[in-house]
Amino acid sequence: MRRRAVAGLLVAVVFAQTQPAQAYLKFGVTIGGRRVTLKWAQRSARYFVSDQRVPGVATSDFQAALGRAFTTWQSVPTASISYQFAGLTVARPGQDDGLSTLGFESRPDLDRVLASTSFLIDGVTGELIESDIFFNSAFPWSVAQGGEANRYDLESIALHEIGHMSGLGHSALGETELREGGGRRVLGAEAVMFPIAFTAGSTAARALKADDIAGISDLYPDGDFDQAEGSVSGRVTKDGQAVFGAHVVAYDPVTRTMVGNFTLNAQGQFSIGGLSPGMHILRVEPLDDADLDSFFDVAVNPVDVDFKVTFFDSLVVVPRGGDSGEVTVKVVRK
Amino acid sequence: MRSLLLLFTSLVLVLPARATVLVPADLGELSRDALAIVRGRVVSVDARWTDDRRTIDTIVTLEVESYLKGTFGPTMQFRVPGGELGRFRSIVVGAPAFAVDQRVIVFLGAHGPSVPYIVGFSQGVYRVVRAADNTGWLVTPPPVLPSTAGTVPIVRGDVSRRPVALDDFERRVRALAGGAR
């Protein structure tokens, strides 16, 4: 299990102070009282594919679909992460064995989980030992180019999970509806990293959105990303008090793209990076329709959802390679 | 400007990993699917090796205050994947976190003679918290209730989407668990 000498798999946790600003939630842990963010130190991550198969998905097709999803992430021109297929394995995801493995598993206890990503970390050194992705074989899967009715699109779900494997958390840029007769479904999402899946048969989540691109570029900036893009930062308050967990969205009316993040500390501060220079509309909304555990450690940080949607009262100018300067958005109770 | 940005960068680092694609459930589905629904106080959170010793999971023990559906006894346990054991920390992202003395309502399932699990993963956990004005107990996050008005979008910021009073939440759950819609 502790084969931490496996070549290429031992990746160190890197302190994030080298990053200029963030889009997105990033994964973080506290090691020895230090706050560290999880990301691959080497910008080339190796992964194995489990040879476990499920009905309708041959191992070669599974591997190919994963390969397409990895390629989508590493094709982002402003990010430098890459991924290498290391081979097929009899190992299974979820085993703490030092191998980063993607594969199917039967997990009836994860009854509504299509797929999930896990990390094994050395709690003393902070080393990220491995990251696995499991796909729940209890669900019907498809690798068909155009998708298949009543089957979940493996490439779409893999794209989401690989975002996590790369260090990205969830985005709240999505909208859902309640269905007559019961149940809930996604109406639309402006991020692959939205945590709720489209209905079976959809292939809508095979393409990255501006929010995803901002996130991966923020973690692994390449080229002139830092100089070409900008950020907006500020605070959200209610009755003069800081608001934790408010969802803040920057919308560019020219490109019609949006990037989001959250207020993430006791001062109610937020920062959204990876924005195209120019005017942005800033909207603040409560995460009152969500499973908060998907976003935050609510056992530690109570999230305030008792406020109305609020737009900042003027357009915010995002400068090229710089920050807007602090913007304060005051929200009011519902 | 630079120092301000560096400050913001440090904001995110305490967030634990959360990373799962879910099939969404409303409160009616959770209530019907659960074998048991329990309100209780967390008295212990213990990581362990799984029976096959291939990974780590965590056993959460509740001192039961009330069962809204089913029963497991005055204290009961359920498991969540991941945990910290010795120097190794296994993070199964999306798994909800628990702390001793928290009050929670959990929707539980079970397969055979095993420790129960949470139905709907993180969707099957609600926290019981004191109201800001100290007048009572609230349940958060706001539940996603089954629609009674056809297919309708869920709108963030809707004034009706607030943490609900504990007794109101439990009344709704009991009704939904019993099949009433």
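Analyst: Let's start with one pair of residues: Phe119(A) stands opposite Ile91(B), which sits in strand β6 of chain B. Bear in mind that this is a predicted model, where local features need pLDDT of at least 70 and side-chain atom pairs count only at pLDDT 80 or more, while totals for chains, interfaces and linings use all residues. As for the names, residues are numbered from 1 along each chain as its sequence is written, and chains are lettered from A and ligands numbered from 1 in the order in which they are written.

β6(A) runs over residues 113-122, and β6(B) covers residues 88-92. The two pair in the antiparallel sense, over five bridges (DSSP has to find at least two bridges for strands to pair). Strands here are DSSP runs of E with at least two residues, helices are runs of H or I with at least four, and both are numbered from the N terminus.

Next, step back to the whole meeting place of the chains. 84 residues of chain A are in contact with 68 residues of chain B, contact being C-beta atoms, placed from the backbone, within 7 Å of each other. β6(A) gives the largest share of chain A's side, 10 residues. Other elements of chain A that give two or more residues include β1 (28-31), β2 (34-37), the helix α2 (154-165) and β12 (230-238). Chain A's side divides into 34 nonpolar, 26 polar and 24 charged residues. Nonpolar covers Ala, Val, Leu, Ile, Met, Phe, Trp, Tyr, Cys and Pro; charged covers Asp, Glu, Lys and Arg; the others, Gly among them, are polar.

What about chain A on its own? Its domain assignment gives domain 1 (16-215) and domain 2 (230-331), with bounds that come from an automatic or database assignment. Taken over C-alpha atoms, the centres of these domains of chain A are 25 Å apart. Where they touch, domain 1 of chain A puts in 17 residues and domain 2 of chain A puts in 19. On the domain 1 side, the largest share is four residues, and helix α3 (residues 210-219) of chain A supplies them. By class, that domain 1 side has 11 nonpolar, four polar and two charged residues.

To come back to where we began: Phe119(A) faces Ile91(B), and β6(A) is the element with the largest share of the side of chain A that touches chain B.

Notes
Two residues are in contact if their C-beta atoms, placed from the backbone, lie within 7 Å.
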